[in-house]
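This report describes how parts of one protein model pack together.

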Amino acid sequence: MNAAQKEIVTDRGELYRLALAEFRENWLTGLGPVGYYSKYNNTPHNILLELLCELGVLGIAVIAGIAFLALKMLFRIKENFTYAIFMCMSTVCFINLMVSGSIWSSSDFYLWLGYVMTYLAAPKCNNS
């Protein structure tokens, strides 16, 4: 699809096929953030395909590192309320990004990421 053929694709199967084709062509570094949208005037509506085609293998490694830190954080949480907030945010964010929108414009994702980073960076309080 070139610039003259650029039109909005709405069929999810076609969006997925295009994302996989872009990943095969640019597997190492991807198209770059928002590259899929710039090229096809739409998003793949699937976080996994979006990350694959826009960030490539190198970007996926970074995202996997962030996910690992988030899981590590989850296992260190002792307070039930903090655990509940984290799980709710994670679930809502993941479900939303699997079927709608883009990771680059998802306020839910950035709220979740900020929560993870704040928790990891905050000094640990010992009230015993």
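## The largest nonpolar core

Of the 16 residues in the largest nonpolar core, those touching the most other members are Phe-86, Leu-97, Ile-103, Phe-109, Trp-112 and Val-116. A nonpolar core here is a set of buried Ala, Val, Leu, Ile, Met, Phe, Trp, Tyr and Cys residues joined through side-chain atoms within 4.5 Å; buried means under 20% relative accessible area with a 1.4 Å probe, protein chains only. At least two residues of this core come from each of α3, α4 (80-99) and α5, and α3 gives the most, with 6 residues. Helices are DSSP runs of H or I, at least four residues, numbered from the N terminus.

The model is predicted: local features need pLDDT of at least 70, side-chain atom pairs count only at pLDDT 80 or more, and totals for chains, interfaces and linings use all residues. Residues are numbered from 1 along each chain as its sequence is written, and side-chain values use heavy atoms, with hydrogens and water left out.

Leaving aside neighbours within four places in sequence, Val-116 is in contact (heavy atoms within 4.5 Å) with Ala-70, Met-73 and Phe-86. Another core, of 8 residues, lies apart from the largest one and includes Val-9, Leu-15, Leu-18 and Ala-19.

## Helices α3 and α5

The axes of α3 (residues 47-76) and α5 (residues 107-121) come within 10 Å and cross at roughly 60°. Axes are lines fitted to C-alpha atoms over the stretch in contact, and angles run from 0 to 180 degrees between N-to-C directions. On the α3 side, the contact is made by Ile-66, Leu-69, Ala-70, Met-73 and Arg-76; α5 contributes Trp-112, Leu-113, Tyr-115, Val-116, Tyr-119 and Leu-120.

Methods: Buried < 20%, exposed > 50% of the residue type's maximum accessible area, 1.4 Å probe, protein only.
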